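I'm opening my notebook for this one.

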Amino acid sequence: QQQVKQSPQSLIVQKGGISIINCAYENTAFDYFPWYQQFPGKGPALLIAIRPDVSEKKEGRFTISFNKSAKQFSLHIMDSQPGDSATYFCAARGRSQGNLIFGKGTKLSVKP
Amino acid sequence: DGGITQSPKYLFRKEGQNVTLSCEQNLNHDAMYWYRQDPGQGLRLIYYSQIVNDFQKGDIAEGYSVSREKKESFPLTVTSAQKNPTAFYLCASSTGTGNTAEAFFGQGTRLTVV
């Protein structure tokens, strides 16, 4: 079963717009929720992460919103730029676990 | 310059051949991981190791083997038993468990069966 569900699969946004990617999880033992950015042919790079004791975390143009009761979290990219065009993965990790469980990814295209 | 180094970047395997993918880290991380990435499938865990000389199977371990003889190194062998090995393989490391342990990835090895 898929423990982290990510949507949409692909997203097209105009330059300057807001990109929103959503993830939902099932396991209430998860306590760490990172987002990774991956460019073609490269490894994923950690973008931003949140822990369930806060509802929002912002770093520059990137914001994670976290809804513990709904078991959902989302990535918002403000003022999206063509250079943001990449695949984004959400992930989750449980207490006492080291490995991350990933969503299937969202391919973002930002049109100039 | 700390990081995770995967080699080679591209690898070609003949049918029935075993190949080994290298992963080295100089971050002094205890935990290391191997993921497989296929288009539209996200990243799936093959094997992980929390400490030297110990490792655990992930979700798709069949047809793969690993060793962890040194803290810095976690090589992955794709055996002939893996029927569909063509994929992008990613190695990662982290300081371990807990919600402060960030995971970092190498640049990947693309394996193709010829």
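I began with strand 6 of chain A, which is joined by four bridges to strand 7 (residues 62-67) of chain A, the two running antiparallel. Strands here are DSSP runs marked E of at least two residues, while helices are H or I runs of at least four, numbered from the N terminus. Two strands count as paired if DSSP finds at least two bridges between them. I then looked for Lys58(A) and found its bridge partner in strand 7 of chain A, namely Thr63(A).

Before going on, I noted that this is a predicted model, where local features need pLDDT of at least 70, side-chain atom pairs count only at pLDDT 80 or more, and totals for chains, interfaces and linings use all residues. Residues are numbered from 1 along each chain as its sequence is written, chains are lettered from A and ligands numbered from 1 in the order in which they are written, and side-chain values use heavy atoms, with hydrogens and water left out.

**The open sheet**

Which order do the five strands of the open sheet have? I read 1-3-8-7-6 in chain A, with antiparallel pairing. The edge strands are strand 1 (4-7) and strand 6 (56-59) of chain A, since each pairs on one side only.

**Strand 4**

Next I checked strand 4 (residues 30-38) of chain A: nine of its nine residues are buried, so the rest of the structure largely encloses it. Buried means under 20% relative accessible area, exposed means over 50%, and partly exposed is in between (1.4 Å probe, protein chains only).

I found strand 4 of chain A pairing with strand 9 (residues 86-94) of chain A in the antiparallel sense over six bridges. Trp35(A) stands opposite Cys90(A) there. Five bridges also join strand 4 of chain A to strand 5 (residues 45-50) of chain A, again antiparallel, and Tyr36(A) stands opposite Leu46(A). Strands 4 and 5 of chain A form a hairpin with six residues between them, and Gly41(A) in the turn has a positive phi of about 75 degrees.

**Ser93 in chain B**

Is Ser93(B) buried or exposed? I got 0% relative accessibility, so Ser93(B) counts as buried. I placed Ser93(B) in strand 9 (residues 87-94) of chain B. Its side chain makes a polar contact with the side chain of His29(B) at 2.7 Å. A polar contact is a pair of N or O atoms within 3.5 Å; within protein, one must be able to donate a hydrogen and the other to accept it, and residues adjacent in sequence count only if both atoms are side-chain atoms.
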